[in-house]
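Q: I am new to this structure, and I would like to learn how its features can be read one after another. Could you take me through them with care?

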Amino acid sequence: MIAPVAAPGSSPASGSRLVNLAAERESIVGRLARLKPATDAYASEFVDAVLDFAHAVGTSDVHLQPTRNGLEVKFRSQGVMQLLGEFPRGANTSVINRFKVLAGLLTYQTDLPQEGRVEAPKHGREIRVSTFPTLYGERAVLRFFGHDKEFTTLDQLGNPDSFTRQVREALAETSGAVLITGPAGSGKSTTLYACLRHLVSTDDNARSIVSLEDPIEVPVDGVTQSQVNVQAGFDLKTGLRSLMRQDPQVIIVGEIRDRDTAEFAIQASLTGQLLLGTFHADTTATAVTRLIEMGIEPFLLRSGLIAMISQRLLRLLCGCARESSDPADIAGMPVEKVRVPVGCPTCNQTGFVQRAIISEYLDLRGGPVGPLILRKADARELYQAAREAGMRTLLDQATELVREGHTSPSELTRVLGSATRT
């Protein structure tokens, strides 16, 4: 059985109480509407209000999109984007430029993407600011770090004991690679940092643990953490090459994005280092085939990879949910009846109150998957072999949550999509 508990990324920040989203939204919209766009203080006051709102509701992302007539603001709540409203950009000052100043970005450079960081000591937060040129001006996306301070250990993530035991066994290895996969917002970084803390606590600083991240999301005592700085010439490729001269025993790569980084990761895992990293892929099997498609030789993957982990966050139904036997609600799932969201004041009319994690673990140290990798089998064949060998897939666990009435078929489709369900 899957425990229906709050998981990384749950709203609010603490996961223990539900913010009155409607009230907070009404408050921030009123606060922004009272600002005077013609004043010099408009941008600063606008930014302060947005940061206060983001902290209050525990959002992970805020999008500021320039439009023909103003600035559209959206935020992510429980993994779902919601519209806050459209507001004036400012007559004398620019909201986007204010964020760029705080992040140390070049305000005069508007035709190229930029990335920076903002420290928000008032809220005990760090924010990544990413800008991108668009038709009506620069768009900015804010990513907020530090919401999930209670999800610091592997036991707190909400995975089954059997899964957590597999992860601990993988982390006990002295060489090889463990990659955590999933789309943006699936809790990969939270799981990665929980793995880091486990290594620090179990090794008692006996191993040299170093990381190269873009950016550093959470400081971890006992880990030597570094952050790339592309403008200074310290990119991921340069950093990883230099890092090998630091006598590392455990290497953390914040995100594997290209062939060079992937090749380095696998090579490092073959030369006596334990390597952990995150990687964007739909499933564990898809992650393996993506690495092959990037040009990594199958025999290197077969020898270097310990495991692939894939995870998602599913919203859990509020107590206001109703039972249904309507085929449209069941959506072709192997169940006779389901619970579907309704909406009430308790759940902010969303029908959901928190999220639970589902994770699959593909062991690559043995079994039937290894030979399939060597002959470059496709993801579907790898996935089927892993299931027959006993892997509980994301779909298996999500279906169980639907069957037990913890979530709905529509939520399963929203998170996993139709491709993952086939």
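Q: Which residues have the most contacts inside the largest nonpolar core?
A: Please keep in mind throughout that this is a predicted model. As a general idea, nonpolar side chains in soluble globular proteins tend to be buried together. Here the largest nonpolar core has 41 residues, and L275, L291, L305 and M308 are those with the most contacts inside it. Leaving aside residues up to four places away in sequence, L305 touches A177, L179, I266, L291, L300 and L364. There is also a second, separate core, which has 33 residues, including L64, V95, A120 and V129.

Q: In what order do the seven strands of the open sheet stand?
A: The order is β9-β8-β10-β11-β7-β12-β15, and the pairing within this open sheet is mixed. At its edges stand β9 (224–227) and β15 (352–363), each of which has a single partner strand, so that one side of each is left without a neighbour in the sheet. On average, neighbouring strands of this sheet are turned by 15 degrees against each other, with direction ignored. Within it, strand β7 (residues 176–181) pairs with strand β11 (residues 274–279) in the parallel sense over six bridges, and V178 is found opposite L276 in β11.

Q: Which strands does helix α7 touch where it packs on the sheet?
A: Helix α7 (residues 259–269) touches β7, β10 (250–256), β11 and β12 (305–317), and its direction makes about 160 degrees with that of β10. Another helix, α13 (residues 394–403), lies across β12 and β15, and it runs at about 150 degrees to β15.

Q: Why is helix α5 described as largely enclosed by the rest of the structure?
A: The reasoning rests on counting buried residues, where buried means under 20% relative accessible area. Of the 16 residues of α5, 12 are buried, and therefore the helix is largely enclosed by the rest of the structure. Among those buried are L192, Y193, H198 and D203. The helix, residues 188–203, reaches 23 Å from its first C-alpha to its last, close to the 22 Å expected at 1.5 Å a residue. After α5 comes D204, whose phi is positive, near 50 degrees.

How values were computed:
Residues are numbered from 1 along each chain as its sequence is written. This is a predicted model: local features need pLDDT of at least 70, side-chain atom pairs count only at pLDDT 80 or more; totals for chains, interfaces and linings use all residues. Side-chain values use heavy atoms; hydrogens and water are left out. A nonpolar core is a set of buried Ala, Val, Leu, Ile, Met, Phe, Trp, Tyr and Cys residues joined through side-chain atoms within 4.5 Å. Buried means under 20% relative accessible area, exposed over 50%, partly exposed in between (1.4 Å probe, protein chains only). Contact means heavy atoms within 4.5 Å. Helices (H or I, at least four residues) and strands (E, at least two) are DSSP runs, numbered from the N terminus. The expected span of a helix is 1.5 Å times one less than its number of residues. Two strands pair if DSSP finds at least two bridges between them. Axes are lines fitted to C-alpha atoms, for helices over the stretch in contact, and angles run from 0 to 180 degrees between N-to-C directions.
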